[in-house]
Amino acid sequence: MKKGVVNIEFMISVFVFLVTISFILLTLAGSLAPLHRDASLNSLRSVGYQLSQVILFDEGDPKNWDTISVNRAGVSSGEKYLASSAKIANFNATCAANYSKLLDMYFGNKRLLFKVNITDSSGRNMLNCGNVNNPQFSIRRLAVLDTTRDIIEIEVSVRE
Amino acid sequence: MKGFIRILEAIISSLILIAVLPFFLVQPSESEWGNIALQTNALDTLAVLQKTTRLETYVKNNDVAALNSELIRLLPKAADFSVEVSGIPNPVILVGCVCTSTEIDDLENLLWPLNFQYKERQISIRVSNMTMNTVDPRTRVLFIFGYLNLTPYKSILTQFLESGGTIFMFTDLTSSQTQDGILNTTFGLKWNAVISSGGSASFFVPGGTTKISHKVSRYYENISGRADTGTFSGLGDSSINRIEIDNKTVIFSSQVSLVKANDYVSKNGKGRAIWFANYGYTLNNDAAQQLKNLTKATIMWASGENYKMDPFTKRPAQRFLEATHIGQIDGVEPFEIKLVVWRPFS
């Protein structure tokens, strides 16, 4: 065989091999996007779940927080599953006055939005904080109100 | 020819690469967040019902309708559920008696009153007649008057025990009877000719809270008003009944057991068996009355201490989630409540 001259068979085999490699690389690259999307969604759901835990079980910081002194807002009265009606009122006031403070308090630098709805057993709205359209994750929690011993529903929704 | 083989090599290597490709492609699995939310909801539901003391009230009053309407309100609309209570005597104890009509009357008199209060709970014992071949599946206690060789009914008994039933044999025993293949296995009785019986009978270490005797002694104490440290006389024929004592002994006298129970007897961990030595149950003196109270207390344990609080029979879907909670009736009577939730249309 002369130098610089390549067999047609060699060319065909290299072509077949390169096509296969390209196909594999493109397929792998295409699967990365859904994986990343799922990971982001799971992370967001995890944040939503944690937020519901903080609101339901945390007394907040300081424990007798109000609209001005609040560092971290939670509606627990200190007893598990017992929500303080005074703290729910304070949460409402804080949200109306400075929603972005609550965002900063819960999420820091993450660009997330949340919504918290609290309704009593008759369906009366006790708290409506935030406005999230098409939430990516919602969770419904239950608690007992310290003043009336009524069972209340706390719905927490989040989205990016 | 050489070139053709080179093309073939390239095709084979390409096929190998394509074949291993799925190994690197992770298929996104179904999200478990829906289940997490449902289970969290079930746990929250039990916790808030306990917080408002409604859970204890529903269990205490066996108020199935109120508990179900509350759960329908609190759980997601797309979920179905079933409630199971364990650790306390069943509110309705269905006793199937393998006996004659006279013995049925005797059993009812022995357990009288059949409807009674226990720790603010209404308990009802219902006795009906049945044969070994016609065991009602709802029966919780299969009461057998006198010795009966149960070996021919082994498959029926296995099914009955696996459904959570209890076999209660009320008889004095001889050596050969305890070797029948059921009493020495399912009942866990062991004959020992050397040991001797005598004197009054009493609870076997009533203080040991993990033992069956402790549970029965507590029931006895509360229905009779007598201390569980008291003694019983007239129980069992002292010339026979050479059953060894072990951790499952409920009542003993000297070196022998006179009432012995066994639990978790079936392969699926359910089922109970009790052997109770005979006594003069037709007598009306105080000693006989205390033995009748003891029999009743044993029947309460034999109920299986496990029942459903569903308005009708429910069968959970293949994939279900559970939430459990420990409650207390009257501040001292602990029970476990299990809420099983599932999505019927998922």
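**Notes on a predicted two-chain model**

1. Let's start with chain B, which splits into domain 1 (33–87 + 313–342) and domain 2 (92–304); these bounds come from an automatic or database domain assignment. The C-alpha centres of domain 1 and domain 2 of chain B are 32 Å apart. Where the domains touch, 5 residues of domain 1 of chain B are in contact with 4 residues of domain 2 of chain B. Contact here means that the C-beta atoms of two residues, placed from the backbone, lie within 7 Å.

2. Some ground rules before going on. This is a predicted model, with local features needing pLDDT of at least 70 and side-chain atom pairs counting only at pLDDT 80 or more, while totals for chains, interfaces and linings use all residues. Residues are numbered from 1 along each chain as its sequence is written, and chains are lettered from A and ligands numbered from 1 in the order in which they are written.

3. On to the overall shape of chain B. A box around the C-alpha atoms of chain B, along the principal axes, is roughly 105 × 55 × 40 Å. Of the 346 residues of chain B, 38% are buried, that is, 20 or more other C-beta atoms lie within 10 Å of their own, with C-beta atoms placed from the backbone. If you take the contacts in chain B between residues at least 6 apart in sequence, 74% join residues at least 24 apart.

4. What is chain B built from? Its secondary structure amounts to 8 helices and 14 strands, counted as DSSP runs numbered from the N terminus (helices are H or I, at least four residues; strands are E, at least two). In chain B, 10 strands make an open sheet with mixed pairing, in the order 3-4-2-5-6-11-10-9-7-8. Strand 3 (115–118) and strand 8 (231–232) of chain B are the edges, each pairing on one side only. Two strands pair if DSSP finds at least two bridges between them.

5. Strand 11 of chain B deserves a look. It runs antiparallel to strand 10 (residues 256–263) of chain B, with 5 bridges joining strand 10 to strand 11 (residues 272–276). Two pairs to find there: B:Lys260 sits opposite B:Trp275, and B:Ala261 has B:Ile274 as its bridge partner. Strand 6 of chain B, by contrast, pairs with strand 11 of chain B in the parallel sense, over 5 bridges, and B:Ile167 has B:Ala273 as its bridge partner.

6. Is strand 11 of chain B buried or exposed? Of its 5 residues, 5 are buried, so strand 11 of chain B is largely enclosed by the rest of the structure. Both faces are covered, with B:Arg272, B:Ile274 and B:Phe276 buried on one side and B:Ala273 and B:Trp275 buried on the other.

7. Helix 6 of chain B (residues 154–162) has B:Leu157, B:Phe160 and B:Leu161 as its buried residues. Seen down the helix axis, they fall within an arc of 95°, so they line one face of helix 6 of chain B; the arc is that of the directions from the axis to the C-beta atoms. They pack against strand 5 (141–145) and strand 6 (166–170) of chain B. Just after helix 6 of chain B comes B:Gly164, with a positive phi of about 100°.

8. Now chain A. It has 3 helices and 5 strands, in the pattern α-β-α-α-β-β-β-β along the sequence. Of the 160 residues in chain A, 26% are buried.

9. Chain A also has a hairpin, formed by strand 2 and strand 3 with 5 residues between them; A:Gly123 in the turn takes a positive phi of about 90°.

10. How do the chains meet? Here, 26 residues of chain A are in contact with 27 residues of chain B. On the chain A side, helix 1 (8–57) and strand 4 (137–145) are the elements that give two or more residues, and helix 1 of chain A supplies the largest share, 15 residues.

Terms used: Buried ≥ 20, exposed ≤ 12 C-beta atoms within 10 Å, placed from the backbone.
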